[in-house]
Amino acid sequence: MTNNAPGAPSEFSSPARTRGRRRTGHKAASPAFKAAGALGGRASCPPARRKARTALHIFFREIRAPVGACEGETTSPPGLRLRFRLPKNQRVRRFGPCKGAPHDGRPATSLPLGTAYGPATPFLGPCGATRGSRLGRTGRGALVTIVCATALATSAALTGADNEALIEEIVVVATAPDDRTGMPAAKLPYASQAADADQVDRSLSLDLSDFLERNFTSVSLNDAQNNPLQPDLQYRGYTASPLLGLAQGIAVHVNGARFNEPLGDTVNWDLMPVTAIHSVQLMGGANPAFGLNTLGGALSLRMKDGFRSPGMGLEAWGGSHGRSVVAADVGGNRAVGSGALAYHIGAHGFDEDGWRDLSASSAGNAFGSVGWRGAGSEMHLRAHRATSDLLGNGAVPVELLALDRKAIFTAPDRTENTMTMLSLDASRELSDGIQVAANLFHRAGGADAFNGDASEFAECELGGGDRLIEGLEEDDLEEIGLDDDDVCEGQFADAEALEDFLNQAADDDEFDVDDLTHDLSGTGELADDAVNNISRRRQTSRGGDVHATFTGELFGAKARALAGVAWYRGDTNFHSVTELAELNPDTRSTEGLGTGTFVDDLATRIDTRTETRSLYLTASVDASEAFTVTASARMNDTRVTLEDRSGERPELDGEHDYFRVNPHLGAVWNVTDSASLYAGIGMSSRAPTPIELACNEHVLERAAEFGDDEEFECRLPNAFLADPPLDDVVTRGFEAGARGLVAGISYHLGLFHSINTDDILFQTTGRATGLFANVDETRRAGVELALSGSLGRLDWRAAYTRLEATFGQDFHVLSPNHRFADDDGEVLVRSGSRIPGLPDQSFKLGADYAVGSGFEIGFDLVAHGGQYLRGDESNGLPRLPGYQVLDLRMTWQATPSAKLFLRIENAFDEEYESFGLIGESPAEVEVPLFRDFENPRFVSPGAPRGIFAGVRLRLQPVGL
């Protein structure tokens, strides 16, 4: 994926799927079109006609630019129709294809990713055109059938004169990201990458995260959970992940609505159906214009609607690992009075058995929208329902991996997500140069987690009865030459007597033994093999954004400005319990082996609320035809509230306020029509999330004030502790670069550097336990290069990133299982040590070649450098080695309405690991297989070779 370049060649798709020779270097119809790279050709109209203005929709906002508005005089391929809006009361004319336009007939989907062109398609397309969808096993296939049947009936109703009238009046969609001012991509003072549904479709990606890693610069994934729908995504060293406990630094918006979840700012990739995506944009840098969490960048998605994505189709594919995917969608529109109505509905689903043991997963999505468009106005009401049942059993000991790469450590680790989302977005042009837009959303959902894990308890006979004991560690007993049989055969009257004996034998106060028997509820049946950590989250988030866009002149210079207000509120009800369980020694699973006995002292019930009010302003001025200056500022006023609902932990209660005004300043110099330089400097911030506030390093002091056990630890994500405030994270970032087109090759070279003050780091204290702490400073700096071009029938792209992600101070971090930990379980981290979990470099190479007769072949090569294990912040242990993975694909357009495709993932069956951490000794899980395992290194293995094949059915264009 390359970044948008000024002066890049412009090509549009025609209905025919033919290949030809690429044309390059055509002049744009006007400076604005040149900058956006949105239209190729020349305009030769009288001066009066050049005052006509067109609406280029960037998402649901319009930019207006002077163009030649004479029929037949604007170069474009056959089949393209543009809607021009004339000043005042002049009527809207519809323009057919221009005469004499050189065009090779290549559809937009055949262009290299990142090419600046208008991806609007002027005809009703297929049902289920996009890729990567999913459908659950139970009942979801019927939903797809209903969708397609509805599609056929509705499409027939929309053909004829009504549909013909509306389809002629399409909107050119620019590839510039949603920069909230409607500026063309060439004037953005930061790196930006964009793709549309056709490009996602062509890549044969499983989901959005898969597409981003293989096609966008500076993006990498790690499989901490080892589930294809639960990856951690990193961009320039910042994270967007579904896992609680990771510091999130990327803002995600869907049609302008915040998609990060309220409890931990997490991002659930399984709730983003790629079949519904119309366009995706990734913007780099600490830019406050994109709201909270934009520490490293912002990801913006625009979903399909019946105006921009009319069509119908069906897709089905499957293959290795028992994977099957079915997808369907349909969209259409028709003229109604002086306006038009549109609809789009769809469904997709995913099922697989998984390539690892006990790893079956499924996910399903259903979505729809209705829209209305009139003179200068547009509105869409959207609905989305998603469910998933994901098993991701995570990292395994390296000694177990050497025996069997499919094996799991303990199981299950199940997450069941649900989401229902409603949103409304609208825009209205008040007058020439003034537009207002708004969006409202409400999202409700939940996450039920069930995690089987090893037990820290011991079943011990004391005073003539069985008791549940905490603090009787096997390693500590071995140091004094004992085991639990030596002390749990009824020799001691109670836990206090046992503790006194052990400390005398150890000649210190190392042992702290507690009797938890009276803190149990339920059946009362004891077990010390394992525990089930069971949690339930119910989350509701809502928000709104209203802003006005102004375009005109300021002291004779072209100027654009946007001013707006936003409000966001996220509420979470969190409840967790810990159940005693047996453990199957063969599978290491606790499934169905719970005893029904719960440890009350580990139960948590808490309500959290995050509310943010924002004001923001962005303005840009063209100081000259070639030089543009942009300034932004955003004020955020955030309050985070926590309230204990159990009545047992009053130290959880608290309110924490965070107020900041963050600025950004940038400039772009268009050196030539095909080359530009940009630079920007700015600040952004994020408030600590509720889960971070409720579980941090100062907890012992606060808990002691309420008389709590000072040895109590935070068990993520299944328990919280007290919440003295953490500081908010503030990022100061700078980036600069060059982008353009030379000799038919689109290029982008960028430098980036950011410093996080009071960054928040999770420090482990043991098995699944730990605390959050502020770290004074972390740094992320690097260089990125992206290239793309074409050579005859070959389209290619390449990208390279070098990343230096380091700690900027000396400090001690908790990591008790580290080889070099001191007696307090701490390791010294030196300034300059690398941040774990981030590869130091990455390289990507991809290509597509049109063989002929409807055949096309392609590949994606992704290579990532080494990374340190999480928990090794001191960089004292060997790194996880780098790896490279090659994916192959082939498509065959068998008929005008049917395409067959084949994808081979990890074609060379590379054995690699994308994630690692320092855990406890595997022998802590008392099963025969692990008895001699001592290495605390845990890694997540990459998936082996997978072969998948399928078919996409498309209807012929309707209404042309």
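Are Asp622 and Lys187 buried or exposed? Both are buried, meaning under 20% relative accessible area, with exposed over 50% and partly exposed in between (1.4 Å probe, protein chains only).

This is a predicted model: local features need pLDDT of at least 70, side-chain atom pairs count only at pLDDT 80 or more, and totals for chains, interfaces and linings use all residues. Residues are numbered from 1 along each chain as its sequence is written, and side-chain values use heavy atoms, without hydrogens and water.

**Salt bridges**

Side chains of opposite charge can pair when their charged atoms come close. A salt bridge here is a side-chain nitrogen of Lys or Arg within 4 Å of a carboxyl oxygen of Asp or Glu. The whole structure holds 50 salt bridges. The table lists some of them.

| Pair | Closest N and O atoms |
|---|---|
| Asp622 and Lys187 | 3.6 Å |
| Asp210 and Arg214 | 3.2 Å |
| Arg952 and Glu315 | 2.9 Å |

Helices (H or I, at least four residues) and strands (E, at least two) are DSSP runs, numbered from the N terminus. Asp622 forms a salt bridge with Lys187. Asp622 lies in strand S28 (604–622) and Lys187 in the loop between helix H3 (161–168) and strand S5 (192–196), so the pair ties together parts that are 435 residues apart in sequence.

Arg952 forms a salt bridge with Glu315. This pair links distant parts of the chain: Arg952 sits in strand S44 (946–954) and Glu315 in strand S13 (311–319), 637 residues apart. Both Arg952 and Glu315 are buried.

Asp210 and Arg214 lie four residues apart in helix H5, about one turn of the helix. Asp210 counts as buried because its relative accessibility is 12%. Arg214 is buried too, at 5%.

Eight of the eight residues of H5 are buried. A cavity is a set of points on a 1 Å grid over the protein atoms alone where a 1.4 Å probe fits but cannot get out; lining residues have an atom within 4 Å of a point. The volume of the second largest cavity is about 610 Å³, counted as the space filled by probe spheres set on the points. Of its 36 lining residues, the closest to the centre are Asp210, Asp223, Glu905, Tyr912 and Ala943.

Terms used:
1 Å grid on protein atoms, 1.4 Å probe; cavity = no way out; pocket = protein on both sides within 12 Å on 5 of 7 lines; lining within 4 Å.
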